[in-house]
Amino acid sequence: MIVELRQYTLHPGARETLIELFEREFVTGQQAVGITVGGRFRDLDDPNRFVWLRAFPDMAERRRSLEAFYGGPIWREHRDAANATMVDSDDVLLLCGPGFSPAPGTHEVLATICRPADAAAFDAYAACHLGPDHALQRTEHAENDFPQLPVRAGEDVRVWFGPAEPPPWSHQHLRLEPVTG
């Protein structure tokens, strides 16, 4: 599965406006064209950040679904309102893995973005510290075939959800509050 981890920086005070619009229009609008919309979150350490995931069966379906959504009536009708809330929407990691949605009733999720220096060493770390519930994802190195939406390139990351022993490599923790739709 192809997953996008999207981190939006928003204008001060605009997060709830975007979340309301997103939940009302963009979740079902994306689902209608074959996109699996996963977890949506408020960043607990940054009141101007909205984090969310969406997934596709493969790169070809990603392109087809994104063309359908961004060329369709829902985005056309609401894009100006959505874009008015955003400072930056280009902090996007293209990943392969299982996607992630928090269990109902979850109040906080810890996400880790790790930049391991060595894939084999990371695999050994993961075997000891991560299980299937962590929804481990890895960088998808395929070319972004929908360039209208940039993704971060030239990085090799691992992302997982839930607590774990801190990795010995450069990493970032995100404390996230699930948005309930």
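Mentor: Two strands pair if DSSP finds at least two bridges between them; strands (E, at least two residues) and helices (H or I, at least four) are DSSP runs, numbered from the N terminus. This is a predicted model, in which local features need pLDDT of at least 70, side-chain atom pairs count only at pLDDT 80 or more, and totals for chains, interfaces and linings use all residues. Residues are numbered from 1 along each chain as its sequence is written, and side-chain values use heavy atoms, with hydrogens and water left out.

Trainee: How many bridges join S1 to S4?

Mentor: S1 covers residues 2-10, and S4 covers 86-96. The two strands run antiparallel, and leucine 5 stands opposite leucine 93 in S4. The number of bridges between S1 and S4 is eight.

Trainee: In S3, which residue is the bridge partner of isoleucine 2?

Mentor: S1 is also joined to S3, by eight bridges, and the two run antiparallel. Within that pairing, the partner of isoleucine 2 is phenylalanine 56.

Trainee: How many of the nine residues of S1 are buried?

Mentor: Buried means under 20% relative accessible area, exposed over 50%, and partly exposed in between (1.4 Å probe, protein chains only). By that cut-off S1 is mostly covered, and its count of buried residues is eight.

Trainee: In what order do the strands of the closed barrel run?

Mentor: The barrel has eight strands with antiparallel pairing. S1 has S3 on one side and S4 on the other, with S4 at the end of the written order. Read from S1, the order is S1-S3-S2-S8-S5-S7-S6-S4.

Trainee: Why does serine 65 count as buried?

Mentor: Serine 65 lies in helix H2. Leaving aside neighbours within four places in sequence, serine 65 is in contact with Val33, Gly34, Ile35 and Phe56. Serine 65 counts as buried because its relative accessible area is 0%.

Trainee: Is proline 57 buried or exposed?

Mentor: Proline 57 is found in the loop between S3 and H2. Not counting residues up to four places away in sequence, proline 57 touches Met1 and Ile2. Its relative accessibility is 54%, so proline 57 counts as exposed.

Trainee: How many Å apart in space are proline 57 and leucine 5?

Mentor: In sequence, 52 residues separate proline 57 from leucine 5. In space, C-alpha to C-alpha, the separation is 15 Å.

Trainee: In S7, which residues point the other way from Arg158 and Trp160?

Mentor: S7 runs from residue 158 to residue 161, and Arg158 and Trp160 point one way from this strand. On that side, cysteine 114 stands opposite arginine 158, in an antiparallel pairing of S5 and S7 over four bridges. All four residues of S7 are buried, and those pointing the other way are Val159 and Phe161.

Trainee: Which residue stands opposite valine 159?

Mentor: S6 (residues 137-139) pairs with S7 in the antiparallel sense over two bridges. There, the residue opposite valine 159 is glutamine 137.

Trainee: Which element supplies the largest share of the lining of the largest pocket?

Mentor: A pocket is an open set of 1 Å grid points over the protein atoms alone where a 1.4 Å probe fits, with protein on both sides within 12 Å along at least five of seven lines; lining residues have an atom within 4 Å of a point. The largest pocket is lined by 14 residues, with Tyr8, Tyr70, Trp75, Asn83 and Met86 nearest its centre. S1, H1, H2, H3 (73-84) and S4 each supply at least two lining residues. The largest share, four residues, comes from H1.

Trainee: Which residues lie nearest the centre of the second largest pocket?

Mentor: This pocket is lined by 13 residues, and the largest share, four residues, comes from S2 (residues 36-43). Nearest its centre lie Pro102, Ala103, Pro178, Val179 and Thr180.

Note on methods:
Contact means heavy atoms within 4.5 Å.
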